[in-house]
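Work through the exercises below with the sequence and the 3D structure side by side. Try each task before reading its solution.

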Amino acid sequence: MKLLFSNPVSFAAAARRHRGINPPDHKQASLRSVLMDMPLPRLLYFPLCLTGKEPAYPLVKPGYSVLKGQLLAASTDGNDNLVHASTSGRIVALASHPRPDPFGSNGETLILEADGEDRWIALHPATDWQTLPATEIRSRICRAGIDERNDCGLSRWNHARQPEILIINALETEPYLTADQALIRSHAKELLTGAGILQLACGALRCIIAITSEKSDAIAALYTALQESGQQAGIEVMVLPPRYPITDRQLIDAVTGGRVPVEQPESERGAVLADVTTTMAVRDAVIDGRPMLSRVTTVCGNTLRTPKNFRALLGTPVGFLLELCGIDYQNLDRLVMGGSLTGFTLHSFDVPIVKSSTCVIAAAAGEFPAPVTAGPCIRCDACVPSCPVGLLPQNLYQAVKNERQDLMTGLRLDDCIECGACAYVCPDHIPLVQYFRAGKAVLSREARQIELSEYRSKRFEARRQRLARDTAMRRGSRRRSVARPENPDIQDSGLKTFSRTRAREEIAAAVARVQQRRRNAGKATARPRDPDQDGRS
Amino acid sequence: MVGMPVPALWLSGLTLLVVAIAGLVLAWRLCRWLGRESRRQRQDLSEQINRLLPQTQCGQCGYSGCAPYAQALAGGDAINRCPPGGERTIQRLAELLQRPVVRLDPTHGIEQPARIAFIHEEQCIGCTKCIQACPVDAILGAPKFMHTVIARECTGCELCVEPCPVDCIDLLPMPTVGEPHWQMPERDFLSSSSSEVRLAREVGR
Ligand code: SF4
Ligand code: SF4
Ligand code: SF4
Ligand code: SF4
Ligand code: SF4
């Protein structure tokens, strides 16, 4: 067992250049209570279309009875978006329902009425995961519908070369989020198992759990668990100083001491990242054969009497969780899903928990700064050192505002992780992240348009060639038919060629057939199914 | 020349002739090469233009598809004849061809959001007329059987609507699932108004 600390020199150097921010911490409230299971809600909602994911197509209809863990919907391309029933019950509707996205939009949603029995489908647990081949582990993980939010994660293993290092990201730097911390406090052993399984699946030589230093209780739990399970020697814990945000790239740098070339595309980085939720879900999927049916969600905010971390069933409406925490509706000002810096405002209590719902904040009036009118950019450059990626937010802002796509690409808008650090420090309250998201949407629309038009022009060209081929064939066959009317190739090709003698023969044959049939009809009258006879009688 | 011996005179005449012929041949070659070169350049340009066109292949520009219009553009046709591309395409074309930006010519149609065709399958009589009209082979069907549109392939060009004898083809808005539709924030109040004030002052002076 080793407790590592990040190389202070390299991390501090990186941190000086791209400082990030240190927003006030709001973690204590939800950490007072332990991780809780929740009672079953009456109705659960499973949205089929989520922003940035392939739409899933329903495999069940209203009226069907389903079991816990049954696949309800899947995207056409296989594993990108799998929706499982998180309890047993009856599908009551496929209807439009508020879904968790920043636009307050509705979308096709399967609605499940719980029957309270929580009956499972047949599971196929694997007690001895160490003996499973890596491919089997991966297919178990894929079938479990584990949501992949890390860019260089699970979904790309098949293409990646063998990674050197597996990093479990337990940093959780956003001010309100405590889901990972609460989970590690009570389930450190399971996390270690999950990490071991992931390591086996991706073939990484080392595995490091990265965690920030203020989570002392979680670090202690990890430490104890590591000591108890002496055989898992490959797993180490690394402690980083707390700071918001720590990007994937900085994390890889800090953990490896900058040895892995991070400029390379993700598949070749040599480092695989996974977050705590993913790791726990992997453990359940491989050992118990369970799909991902719940996630730990922090429910907090000043309107709640008892903020908590829940092991929330997917599909639970957030209103149900808020009620369990004793929400004071009078005082509610804003409802936010996700962290306070990267989250978005919800417009309905019926929005369900999905695989990426880390946190729900029911904020009281005055908890978040009131929205103020943005001023003009005074080019104070306060935003520059705050950006963890090393972008120039003030220039990006001008580029997006003036819709200069060349500048957006040149200033690497795509590398922005939308962390909100720049907007947090901006003295003029410019909603920088919103601009950057809009800019990214412009770029992605543009890229899609180009892709589409290339595809269409290919199709157009293919059709033109097909028509030319058809014409050539028809012309060629006509010429040949004059020279050699009985060419068998032509008959094979299905193209009709006209020949007077053959036509006469065919007509004569048809007449003979009809006469034959009439004679037969005269002999045996009981043939009701003969169409010719029916028509005439 | 008078004092020259006869064979030398012949020789110089012959040389002149050879030089003249060689010169002519060279000039002819040069002309051909120049012609080819300019054709090639025109080809390159029309390919570049074609990449800017939306490839809806609807023929509203008056040509039989985007590539022919691109060729016409390389030859100097007006840049405002493509309604599916709209203002955005006009801007791009103006940039590439260094011509002034103009408004879309309404005689060719108006710009509208992307759409795709949908066949009401229970009404289709299977006449295959729509298949023959579709420029990108986006319709699937066989004689006397139901036809349907492959949504992924359809460009929304509307060419299949007119030939259908039972009017069972509709154009529906293109579905946009999973795509983020972030909007730009409201224009920040201070900056725009103050710059307008400044502009007004400067123009007024
Ligand atoms: S912090 Fe705000 S005002 Fe200052 S340069 Fe950046 S965007 Fe402009
Ligand atoms: S939101 Fe983007 S530009 Fe702003 S600090 Fe974060 S990464 Fe940098
Ligand atoms: S109008 Fe535009 S999209 Fe339609 S064929 Fe002409 S160039 Fe192509
Ligand atoms: S299906 Fe109709 S609208 Fe779509 S591309 Fe073909 S002809 Fe055009
Ligand atoms: S043209 Fe209309 S009726 Fe004919 S095959 Fe197409 S959709 Fe069916």
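A residue is near a molecule or strand if its C-beta atom, placed from the backbone, lies within 6 Å of it. The model is predicted, so local features need pLDDT of at least 70 and side-chain atom pairs count only at pLDDT 80 or more, while totals for chains, interfaces and linings use all residues. Residues are numbered from 1 along each chain as its sequence is written, and chains are lettered from A and ligands numbered from 1 in the order in which they are written.

**Exercise 1. Describe the shell around ligand 3.**

Step 1. The shell has 16 residues, and those that come nearest are B:T56, B:C58, B:C61, B:C66 and B:C82.

Step 2. Sort the residues by class: Ala, Val, Leu, Ile, Met, Phe, Trp, Tyr, Cys and Pro count as nonpolar, Asp, Glu, Lys and Arg as charged, and the others, Gly among them, as polar. The shell around ligand 3 then has ten nonpolar, six polar and no charged residues.

**Exercise 2. Describe the shell around ligand 2, and find which helix gives the most to it.**

Step 1. There are 16 residues around ligand 2, of which A:C387, A:C416, A:C419, A:A421 and A:C422 come nearest.

Step 2. By class, the shell divides into 13 nonpolar, two polar and one charged.

Step 3. Helices (H or I, at least four residues) and strands (E, at least two) are DSSP runs, numbered from the N terminus. In chain A, helix 12 (421-425) and helix 13 (432-483) each supply at least two residues of this shell. Helix 13 of chain A gives the most, with three residues.

**Exercise 3. Locate the nonpolar cores.**

Step 1. A nonpolar core is a set of buried Ala, Val, Leu, Ile, Met, Phe, Trp, Tyr and Cys residues joined through C-beta atoms within 7 Å.

Step 2. The largest core has 102 residues, and A:I167, A:A210 and A:V255 are among those with the most contacts inside it. Helix 4 (residues 179-202) of chain A gives the most to this core, with 13 residues.

Step 3. A second, separate core has 28 residues, including A:A374, A:Y397, A:M408 and A:L411.

Step 4. Leaving out residues up to four places away in sequence, A:A210 touches several residues, including A:I167, A:M238, A:L240 and A:V255.

**Exercise 4. Which side of helix 2 of chain B holds its buried residues?**

Step 1. In helix 2 (residues 66-74) of chain B, the buried residues are B:C66, B:A67, B:Y69, B:A70 and B:L73.

Step 2. They cover an arc (taken from the directions from the helix axis to the C-beta atoms) of only 160° around the axis, so they lie on the same side of helix 2 of chain B.

Step 3. An α-helix has 3.6 residues a turn, so residues three or four places apart point the same way.

Step 4. After helix 2 of chain B comes B:G76, with a positive phi near 110°.

**Exercise 5. Examine the backbone at A:P245, B:K144 and B:E158.**

Step 1. The peptide bond from A:Y244 to A:P245 is cis, with omega near -15°. A:P245 is in the loop between strand 12 (235-240) and helix 6 (248-256) of chain A.

Step 2. B:K144 is not a glycine, yet its phi is positive, near 65°. It sits in the loop between strand 2 (139-140) and strand 3 (148-149) of chain B. With 9 other C-beta atoms within 10 Å, B:K144 is exposed.

Step 3. B:E158, also not a glycine, has a positive phi of about 75°. Its place is in the loop between strand 3 and strand 4 (169-173) of chain B. B:E158 is partly exposed, with 18 other C-beta atoms within 10 Å.

How values were computed
A residue is buried if 20 or more other C-beta atoms lie within 10 Å of its own, exposed if 12 or fewer, and partly exposed in between; C-beta atoms are placed from the backbone. Two residues are in contact if their C-beta atoms, placed from the backbone, lie within 7 Å.
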